[in-house]
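Please read them with the structure open.

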Amino acid sequence: MNNNRPLPHGRGSGLAPPNRFGLPVIELDGDFLDADPDAVAAIERPKTQYLRDDSKSVVTENDSPDVWFRYSLNPYRGCLHGCAYCFARPSHEFLGYNAGIEFETKILVKPGAAELFRTFLARDGWVPEAIALSGVTDPYQPVERRLGITRQCLEVAAEANQPVGIVTKNALVERDLDVLGPMAARGLVHAVLSVTTLDAELARSMEPRTSSPAARLRAIASLTAAGVPVRVLVAPIVPGLNDSEIPAILAAVKAAGAVAASYILLRLPWAVAPVFLDWLDRRDPAIRQRVEGRIRAARGGKLYQSGFGTRMRGTGKLAEQIEELFGLFARKHWLDGKLPSYDFTKFRPPKTRNTQGRLF
């Protein structure tokens, strides 16, 4: 690690790791930086770019047995939250960017997402099942406050009585309670709130631009009061860093109103590993050896296991201990059950610009 390199403020990654598809890599020259304070300033305070994404479709399908949804809708690609551990970072490499700082600073937005969603739901062949908002990056990342693309998609779902599951770690979800409350009354929506830690300082460092732990607990309470069933996802659990918080997190989210909870062990696929380990070095080099050692202990000596069934939970005694601890306190707080079933019987295809919708 180069302790003297300039680092971006308020970002989860200080790296620009090589794109795994072999695209050109720009390496900054130290002598050049010494002579150009403006270049150093640009690195330390990189600007966020919002780029238009005119994708022709917006709902994607997956067949992973490790997730609860088959279909997902992602209004944004890249994420300003900048979580150092984010498993979605490598998805940016498909766009020609790096999984480090560019994942946080080059955000693709889909202004046509709601109309594409409407067209998808109006298809003759659509048999309604739950759609996740989002399956990859956060639908309530900060730019949503200004653009409202996620809200527009929710309004389409509400019009069609299409069940959705929201996955977020941002309290901005409270803004849309006027839509979510009525949807919940019709059995159309669940919310999954990610709570990684109750330590505000750790959250600010590891998840620099998302909501504080206190704000997330408030969002859980607000959603619950509006009738929206909430599952809390304690994710990721980082052995040696936040695993000791499991009992306190589960007690806090239960008090806020959550009805279920689950967890995911830290995942470090592809470029996520160097980004996260670099963050550990920057936070406290003394703890890297301990945390990395425990990650490997729960991953068969590796930093990551990609196999279905193990990538979310890990293997070995340490992984088993985490599972047992989580299960014990989930049962204690009555968080080991399932969310209420969705109601698919109310679905009606939405009207599109060119039609009045299907008759049957």
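Which are the buried residues of α11? They are taken up in point 2, after a word on the source.

1. Source and conventions. This is a predicted model, in which local features need pLDDT of at least 70 and side-chain atom pairs count only at pLDDT 80 or more, while totals for chains, interfaces and linings use all residues. Residues are numbered from 1 along each chain as its sequence is written, and side-chain values use heavy atoms, with hydrogens and water left out.

2. Helix α11. The buried residues of α11 are Val272, Ala273, Val275, Phe276, Leu277, Asp278, Trp279, Leu280 and Asp281. Buried stands for under 20% relative accessible area, exposed for over 50%, and partly exposed for what lies in between (1.4 Å probe, protein chains only). Nine of the twelve residues of α11 are buried, so the helix is largely enclosed by the rest of the structure. The cover over these buried residues includes α8 (200-206) and α12 (285-297). Helices (H or I, at least four residues) and strands (E, at least two) are DSSP runs, numbered from the N terminus. Helix α11 covers residues 272-283 and reaches 16 Å from its first C-alpha to its last, close to the 16 Å expected at 1.5 Å a residue; the expected span is 1.5 Å times one less than the number of residues.

3. Packing of α9 on α10. The axes of helix α9 (residues 213-225) and helix α10 (residues 246-256) come within 8 Å and cross at roughly 35 degrees. Such axes are lines fitted to C-alpha atoms, for helices over the stretch in contact, with angles from 0 to 180 degrees between N-to-C directions. On the α9 side the residues are Leu217, Ile220, Ala221 and Thr224, and they meet Ala252, Val253 and Ala256 of α10. Six of the residues in this contact are nonpolar, one is polar and none is charged. Here Ala, Val, Leu, Ile, Met, Phe, Trp, Tyr, Cys and Pro count as nonpolar, Asp, Glu, Lys and Arg as charged, and the others, Gly among them, as polar. Contact means heavy atoms within 4.5 Å.

4. Nonpolar cores. A nonpolar core is a set of buried Ala, Val, Leu, Ile, Met, Phe, Trp, Tyr and Cys residues joined through side-chain atoms within 4.5 Å. The largest has 65 residues, of which Phe117, Leu121, Ile220, Leu250, Val253 and Phe326 touch the most other members. Helix α6 (residues 149-160) gives the largest share of this core, seven residues. Apart from it lies another core, of 23 residues, including Tyr85, Ala273, Phe276 and Ile287. In soluble globular proteins, nonpolar side chains tend to be buried together.

5. Not counting residues up to four places away in sequence, leucine 250 touches Val234, Ala261, Phe326, Phe329, Ala330, His333 and Leu335. Leucine 121 is in helix α4 (residues 113-121) and is buried at 0% relative accessibility. Leucine 121 and threonine 352 are 231 residues apart in sequence, and their C-alpha atoms are 9.5 Å apart in space.

6. Histidine 81. This residue is in the loop between β4 (76-77) and α3 (101-105). Histidine 81 counts as buried because its relative accessibility is 2%. Its side chain makes a polar contact of 3.0 Å with that of asparagine 170. A polar contact is a pair of N or O atoms within 3.5 Å; within protein, one must be able to donate a hydrogen and the other to accept it, and residues adjacent in sequence count only if both atoms are side-chain atoms.

7. Backbone points to check. Most residues other than glycine have a negative phi, and most peptide bonds are trans. The peptide bond from leucine 133 to serine 134 is cis, with omega near 0 degrees, and serine 134 is in the loop between β6 (131-133) and α5 (144-147). The bond from alanine 235 to proline 236 is also cis, with omega near -5 degrees; proline 236 is in strand β9 (residues 230-237). Tryptophan 270 has a positive phi of about 50 degrees and is exposed at 60% relative accessibility. Tryptophan 334 has a positive phi of about 60 degrees and is exposed at 67%.
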